[in-house]
Amino acid sequence: MHGIEIRRAFRTEPPEDIDRDLPNSTFDPNSPHTLEFSESDRGKRIYMAGRWEIEREGEKGKYGDITTAIVP
């Protein structure tokens with residue numbers, strides 16, 4: 001594995017399409033991945049979905065389930 005791509009966005013409604021509704025993307029070759037937020041993000045709902053990328057083939061897997069969290 002080369003790493004994981006994480007798509008994410010702050011939303012009030014659940015996303016219907018990952019590519020369209022989760023426009024922010026982060027790639028991380030290391031585990032665990034940590035997201036950092038500003039104080040103004042506190043209490044907001046974030047939706048996320050991840051998929052693995054294979055380095056030697058340059059292929060990306062399918063997205064996993066969309067998860068949600070509230071920024072503490």
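The model shown here is predicted. Aspartate 19 pairs with arginine 7 in a salt bridge, and their closest N and O atoms are 3.2 Å apart. This pair links distant parts of the chain. Aspartate 19 sits in helix H1 (residues 18–21), while arginine 7 sits in strand S1. The two are 12 residues apart.

Is arginine 7 buried or exposed? Arginine 7 counts as buried, because its relative accessibility is 11% and buried means under 20%.

The whole structure holds 6 salt bridges. Arginine 51 and glutamate 5 form one of them, with 2.7 Å from N to O. Arginine 51 belongs to strand S3 and glutamate 5 to strand S1. They are 46 residues apart, so the pair links distant parts of the chain. Both residues are buried. For glutamate 5, the relative accessibility is 8%.

Lysine 60 also forms a salt bridge with glutamate 5. Here the closest N and O atoms are 3.6 Å apart. Lysine 60 lies in strand S4 (residues 59–60), and glutamate 5 lies 55 residues away in strand S1. Lysine 60 is partly exposed, at a relative accessible area of 44%. Which residues do the shared partners join into one network? They are Glu5, Arg51 and Lys60.

Strand S1 covers residues 3–10. Of its 8 residues, 6 are buried, so the rest of the structure largely encloses the strand.

S1 pairs with two strands, S3 and S2. Strand S3 spans residues 45–54 and runs antiparallel to S1, with 8 bridges between them. Glycine 3 has glutamate 53 as its bridge partner in S3. Strand S2 spans residues 24–28. S2 is also antiparallel to S1, and 5 bridges join the two. Threonine 26 in S2 stands opposite isoleucine 6.

## The loop between S2 and S3

Where does proline 32 lie? Proline 32 is in the loop between S2 and S3. The peptide bond leading from serine 31 to proline 32 is cis. Its omega is near 0°.

## The nonpolar core

Nonpolar side chains tend to be buried together in soluble globular proteins. In this model, the largest nonpolar core has 6 residues. They are Ala9, Ile18, Leu22, Tyr47, Ala49 and Tyr63.

What does alanine 49 touch, leaving aside residues up to four places away in sequence? Its contacts include Ile18, Leu22 and Tyr63, which are also members of the core. Alanine 49 touches Glu5, Ile6 and Arg7 as well.

## Rings

The structure has 1 aromatic pair. A charged residue also meets a ring: lysine 44 lies over the face of phenylalanine 10. The distance from lysine 44 to the ring centre is 5.3 Å.

Notes. Residues numbered from 1 in each chain as written. Predicted model: local features only at pLDDT ≥ 70, side-chain atom pairs only at ≥ 80, totals over all residues. Heavy atoms only, no water. Phe/Tyr/Trp six-rings, centres within 6.5 Å; stacked < 30°, edge-to-face > 60°. Lys NZ or Arg CZ within 6 Å of the ring centre and 35° of its normal. Buried < 20%, exposed > 50% of the residue type's maximum accessible area, 1.4 Å probe, protein only. Helix = DSSP H or I, 4+ residues; strand = E, 2+ residues; numbered from the N terminus. Pairing = 2+ DSSP bridges. Salt bridge = Lys/Arg side-chain N within 4 Å of Asp/Glu carboxyl O. Core = buried A, V, L, I, M, F, W, Y, C linked by side-chain atoms within 4.5 Å. Contact = heavy atoms within 4.5 Å.
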